[in-house]
Amino acid sequence: MKKLIFLWFLAFGINAMAQTEPANYATAIAKITAFYNTNKPDSIYKMFGAPMLGAFTPDTWKSTFSQLKTQLGTLGQSTFTSYAAPVATYKSAFQNGMLLTTLVLDEKSKITGLAFRPTEQPQATTDAPMDPSLAESPFSLKAISGIINGTLTMPKNASGAIPVVLIIAGSGPTDRNGNSPQLQLKTNAYRELAEGLGKNGIASVRYDKRMVGASQTNNKEADLRFDDYVDDAVGLIQQLANDARFSKVIVLGHSEGSLIGMLACRDQPVKGYISVAGAGDRADKILTDQLKTKSQTVQEHFKTLIDSMKKGKTIDNIDPGLWFIARPTIQRYLMSWFRYDPQRVIHSVRVPTLIIQGNTDLQVSTDNADKLKRSKSDAQLIIIPNMNHVLKEVPADRDQNLATYTNGDLPLKAELVPDIVKFINTIN
């Protein structure tokens with residue numbers, strides 16, 4: 001990354017560390033994010049207090065803002081990390097890297113300090129080598145928008161045709177291994193799953209989603225639709241089904257990938273389907289439930305937005321608190337996602353189905369698995385104790401749970417791979 005521009009603030013005293021984000025800081029960082037992404041430097045300038053106004057004229061601020069935007073790209077989410085009055089610290093996921101954002105407000109909630117600097121990178125995790133009994137090779141799909149790139153994992157001693165599992169990643173910019181530098185996600189969950197399957201004589205393909213990792217297609221964010229992900233999965237299924245090395249194709253979708261997998265199975269040469277931590281409700285309900293911790297104003301604004309999107313209309317002027325999940329450039333994607341009810345879709349899946357859910361999952365509760373099971377009575381349901389959303393063993397404690405999201409050395413929950421292998425071996 002090129003040398004960054006920093007915005008410095010005046011010296012200040014620091015009180016004892018606190019972990020609660022003040023409401024006025026939450027509002028300010030949300031506004032900064034929205035104004036930054038919509039190219040409104042004047043709106044941010046109006047938020048400045050005396051120290052920042054003394055450091056920047058309107059023209060010098062516009063110039064600085066332009067340079068920031070050029071170097072950093074768009075701003076995704078700023079995650080609160082700490083507050084020591086009067087300083088709040090956030091980890092900000094910019095398009096071109098993760099930065100530490102420091103924000104200072106005065107008693108009138110005016111910005112008196114704002115700084116961006118590189119985060120202290122955690123100790124790099126060295127991925128353990130793949131088991132020597134396995135071989136990995138590139139696997140790709142040529143799509144209209146570009147090339148979807150992935151990895152094929154095969155047992156070296158495979159004799160004759162063997163089963164192959166297509167692993168479909170969850171939501172967000174998640175790569176073929178279950179990691180995301182933008183979100184500071186380091187789980188290696190899909191890589192470990194591929195290894196576990198391979199050691200049991202089952203091949204797998206895992207891949208980077210469109211616009212993620214090595215699958216840099218010509219899509220723009222505003223053009224992306226949920227069905228694009230389904231089309232990619234269908235193309236990969238057909239490619240695997242026509243490969244003489246494989247006896248049968250099984251689709252495994254994790255999280256958002258669960259719904260993608262359900263849709264991709266329809267009228268395709270698939271012998272089995274596996275949902276892992278898949279939602280049982282439509283995405284609009286899930287997002288509405290997640291926003292219940294936000295202010296009533298944000299909740300009402302999101303309800304208005306949903307009502308508008310159901311009529312096929314987008315809203316450009318949204319509440320800053322909704323920018324990360326409902327900014328104008330992804331509203332068409334949300335519309336395409338909201339169309340699908342997982343309970344109805346899974347009912348249409350005509351192949352043997354396995355539903356797996358962990359009971360310490362912070363993102364998807366076990367009642368989602370129950371809803372999917374009720375919608376497909378002949379599906380097999382397995383609830384794995386102490387397995388969380390990234391498929392690792394963890395107790396109910398929230399901090400310990402979240403810590404697994406950044407530790408790629410942790411193994412998968414012990415029961416997961418055997419349960420999947422047993423299911424695959426029962427499919428004809």
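Predicted model: local features only at pLDDT ≥ 70, side-chain atom pairs only at ≥ 80, totals over all residues.
Which residue in β14 is the bridge partner of Ile356?

1. Residues are numbered from 1 along each chain as its sequence is written, and side-chain values use heavy atoms, with hydrogens and water left out.

2. Buried means under 20% relative accessible area, exposed means over 50%, and partly exposed lies in between (1.4 Å probe, protein chains only). Strands (E, at least two residues) and helices (H or I, at least four) are DSSP runs, numbered from the N terminus.

3. The side chains of β13 can be sorted by direction. Thr353, Ile355 and Gln357 point one way, Leu354, Ile356 and Gly358 point the other way, and all are buried.

4. β13 has a parallel partner in strand β12 (residues 272-276), with 4 bridges between them. Two strands count as paired if DSSP finds at least two bridges between them. One of these contacts links Ser275 to Ile355 in β13.

5. β13 also runs parallel to strand β14 (residues 380-384), to which 5 bridges join it. To answer the opening question, Ile356 has Ile382 as its bridge partner in β14.

6. Most residues other than glycine have a negative phi. Asp267 has a positive phi, near 60 degrees, and sits in the loop between α7 (256-265) and β12. Asp267 counts as exposed because its relative accessibility is 79%. Ala277 has a positive phi too, near 55 degrees, and lies in the loop between β12 and α8 (283-290). Ala277 has a relative accessibility of 3% and therefore counts as buried.

7. The whole structure holds 19 salt bridges. A salt bridge is a side-chain nitrogen of Lys or Arg within 4 Å of a carboxyl oxygen of Asp or Glu. In one of them, Asp243 meets Arg245, with the closest N and O atoms 2.7 Å apart. Asp243 is buried at 18% relative accessibility, whereas Arg245 is partly exposed at 38%.

8. Another salt bridge joins Asp284 to Arg282, where the closest N and O atoms are 3.0 Å apart. Asp284 is buried, with a relative accessible area of 8%, and Arg282 is partly exposed at 29% relative accessibility.

9. Asp289 and Lys292 also meet through their side chains in a salt bridge, at 3.4 Å from N to O. Asp289 is partly exposed at 32% relative accessibility, while Lys292 is exposed at 56%. Salt bridges that share partners connect Asp289 and Lys292 with Asp281, Lys285 and Lys371 in one network.
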